[in-house]
Amino acid sequence: MKFSHIDRALADGSCEASVDASCAAPPTDADTVLGIAMELGCEILRSGGEIHRVEDTITRICYAYGALDVQVFAITSLIIAEARMPDGSVSSRSRRVWGTYNHLARLEHLNSLSRAICLSPISQAEVHRRITEISHYRPVPEWLCYVGGMLATGSFAVFFGGTWRDGLVAAVIGLLMTLFLRLRPMRINAMARTVISSFMAGILSVLCVKLGLGDHVDKIVIGTIMLEIPGLSFGNALRDLFCGDTLSGTLRLIQALLQALMMAFGYMAAFGILSLQLWGVAV
């Protein structure tokens, strides 16, 4: 699915008629310039961008607006930056970033916007408008995410030796897991969501085999566990470490390991409660 109206705007740097005429006059004061750079940097970090990209984007945007000196420090949940303009004005800002996730399509458009700003600086209002458009960008319909969850869990269950019944059970459980993870009930943190989702998947896997709906608990569990393995997070952590961002890479690595630990704890808790050995179900 193309995001053509944003792509065209980013390509030519044009502004819509509804935008104020100040769009043609980019700001020169330190507060506004740093505000523009920080807003875009926060969105890149929130969408899964690496730390080096965040720091480089903020630095380049500030220089594009005429800054003489820019200092940026970012980690996985915090950005601190300072910019000094030719008129002597200096601005320092810090932003706490909550709820990071991996959204590669949105990240691509944010990167395109940053490059467009560097080529032709625009007003703060126009930058905010374009970021708002990008934040509402949905590359695929919502229902397709649930279909993807079902196909992933069902396919992996069969791929690792399960029967077609194991695949169907894993697909249904995958649908429930995807629904739970996307709705994010009660705004609970990611670790608690992982434990609850894993526990639910473990319980349902055993019950479905006990009721005769599936054949192998282990194959169903393998299929459902694929939705929660933090492979991308682990890869991002290694990428930050290799790029020299030791602190950010370590934090992301710890987060990935904790998520894997919580996932294992959820399944172990489910198996322990149901006492698989007493039920005579082989795992």
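R130 is where I'd like to start, everyone: with a relative accessible area of 3%, R130 is buried, and buried here means under 20% relative accessible area, against over 50% for exposed and in between for partly exposed, with a 1.4 Å probe and protein chains only. This arginine lies in helix α5, residues 124-135; helices are DSSP runs of H or I with at least four residues, strands are E runs of at least two, and both are numbered from the N terminus. The R130 side chain makes a polar contact with the side chain of E126 at 2.8 Å. By polar contact I mean a pair of N or O atoms within 3.5 Å, where within protein one must be able to donate a hydrogen and the other to accept it, and residues adjacent in sequence count only if both atoms are side-chain atoms.

A quick word on the model. It is predicted, so local features need pLDDT of at least 70 and side-chain atom pairs count only at pLDDT 80 or more, while totals for chains, interfaces and linings use all residues. Residues are numbered from 1 along each chain as its sequence is written, and side-chain values use heavy atoms, with hydrogens and water left out.

Now the whole chain. We have 12 helices and 3 strands, and buried residues account for 42% of the 283 residues. Take the contacts, meaning heavy atoms within 4.5 Å, between residues at least 6 apart in sequence: 69% of them join residues at least 24 apart.

E142 and R182 are 40 residues apart in sequence, yet their C-alpha atoms are 9.7 Å apart in space. E142 itself is partly exposed, at 38% relative accessibility.

On to helix α9, residues 217-225. Which of its residues are buried? They are V217, K219, I220, V221, G223 and T224. Their cover includes α6 (142-159), α7 (164-183), α8 (190-210) and α11 (246-274).

Last stop, the strands. β2 (residues 78-84) and β3 (residues 90-96) pair in the antiparallel sense over 7 bridges; two strands pair if DSSP finds at least two bridges between them. A83 stands opposite S91 in β3. The hairpin of β2 and β3 has 5 residues between the strands, and there G88 takes a positive phi near 95°.

Thanks, all. Let's open the discussion.
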